Amino acid sequence: MTESIALYSLPDTDHFYEVCGPAEQTNPENVFQKRGVVFAPFEISDHPIYRIPGQPVKTTLTKYENFNWQKKHRPLHQTKQSTYQDMFHRAIQGIEVGSCEKIVLSTRSADTSSIPSLPAFLQQLRQSYPSAFVYLFYIPHEELWIGASPELLLDTNYPFQRTAALAGTRKGAPKLGDWPAKEREEHHYVEQYVEKVIEGQKFRKEGPHPVKAGPVFHLKTNYFIDIEGPVVNPFRLHPGPALSGYPVQAAIQKIHEIEDSSRHYYTGFLGPVWNEGNSRLFINLRCLEMLRDGQLLYAGGGLTIDSDATAEWTEIQDKLGTLRSKF
Ligand SMILES: C=C(O[C@H]1C=CC=C(C(=O)O)[C@@H]1O)C(=O)O
């Protein structure tokens, strides 16, 4: 079989859906045009937006037990702690001179251990992270990504749309009072951004409140938007300050200058479009890319003037543990 495959399981469910067939490329205006599973990069100028068209059907993962996944060859380039420290200082300098108020810096971590069974790995992620969107996206010889995303980008279910501001990370912080000003500020940039995008629409806001995402907690605010005019396009929200920084365009420019390699589909988004009248798109976080020589795990975090390099590195290692601990 040389077809592309998307396998996914929605938050708070226990079953997987699949869509198989030839993947096609699409553009931001046409994301909602056709049923299927969409897979978009962090930056559309660098990588295509893919869609595997079709009606998702419930599936059992066991049929993929002996599947021969065709992986791409690319060097497993990883970010050393010393490189991160250098990147961190360049980002803080950018904040000090006023280029940005917040920059999200990300790293790659290489792992050469074998994951003997991808279906078992997906099942393990499903059981361990009940509120995550768990997925595998595969284009033979091109892309093979797996993740357990805690972050909704946009849920479109006529006559409502739902989005969320998710940012700020702490271990063991289940109450709002556990969150210091730095994290609250980091999260507030994302709220401001979302509220600007949906300005003029009727919406209800709920939060912020802490939510658990594997080994860490995040601050989350939910937005419920009435669809009275045209639906909000996901590219108006993406890539927001939780993934880039603030202001968004200046932060993306800094990421280009500072990060040690491309993000590819990490901090992009993906999900089913028009399955049973509903489109649910999630940010591609807590994910890994499988390559011929091993896997690259991606994670990052938001920096503001008050950030500390060692604490940020530790936070990234905690996030990387979400997937690594389940191999
Ligand atoms: C960029 C990532 O997380 C984002 C989402 C939640 C919390 C974040 C933070 O605390 O920095 C990030 O904005 C990542 O996990 O790789």
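Mentor: Start with one term. A residue counts as buried if 20 or more other C-beta atoms lie within 10 Å of its own, with C-beta atoms placed from the backbone. By that count, 45% of the 327 residues of the protein chain are buried. Keep in mind that this is a predicted model.

Now take strand E8, residues 133–139. Seven of its seven residues are buried, so by the cut-off each has 20 or more such neighbors within 10 Å. Look at the side chains. Phe-133, Tyr-135, Phe-137 and Ile-139 point one way from E8. Val-134, Leu-136 and Tyr-138 point the other way. Both sets are buried.

Next, the partners. Strands of a sheet pair through backbone hydrogen bonds, either parallel or antiparallel. E8 pairs with strand E1, residues 4–9, in the antiparallel sense over five bridges. Find Val-134 in E8: Ser-9 stands opposite. E8 also pairs with strand E9, residues 143–149. That pairing is antiparallel too, over seven bridges. Here Leu-136 has Ile-146 in E9 as its bridge partner. E8 and E9 form a hairpin, with three residues between them. In the turn, His-141 has a positive phi of about 65°.

Step back to the sheet. E8 belongs to an open sheet of nine strands, in the order E6-E2-E1-E8-E9-E17-E18-E7-E14, with antiparallel pairing. The edge strands are E6 (57–59) and E14 (245–246), each pairing on one side only. Ile-103 stands opposite Leu-303 in E18.

Helices lie across the strands. Helix H2, residues 118–128, lies across E1, E8 and E9. H2 runs at about 155° to E8. Helix H6, residues 309–324, lies across E7, E9, E17 and E18, at about 140° to E18.

Then there is the ligand. It is surrounded by 16 residues, and the closest are Thr-169, Ala-242, Gly-300, Gly-301 and Gly-302. Strands E7 (102–111), E11 (160–170) and E18 (294–303) are the elements that each give two or more residues to this shell. By class, the shell has seven nonpolar, seven polar and two charged residues.

Last, the whole chain. It has six helices and 18 strands. With 327 residues, a compact globule would have a radius of gyration near 20 Å; the chain has 19 Å, so the two agree.

Technical notes: Residues numbered from 1 in each chain as written. Predicted model: local features only at pLDDT ≥ 70, side-chain atom pairs only at ≥ 80, totals over all residues. Near = placed C-beta within 6 Å. Helix = DSSP H or I, 4+ residues; strand = E, 2+ residues; numbered from the N terminus. Nonpolar A, V, L, I, M, F, W, Y, C, P; charged D, E, K, R; others polar. Buried ≥ 20, exposed ≤ 12 C-beta atoms within 10 Å, placed from the backbone. Pairing = 2+ DSSP bridges. Rg over C-alpha atoms; globule rule 2.2 N^0.38 Å. Contact = placed C-beta atoms within 7 Å. Axes fitted to C-alpha atoms, helices over the stretch in contact; angles between N-to-C directions.
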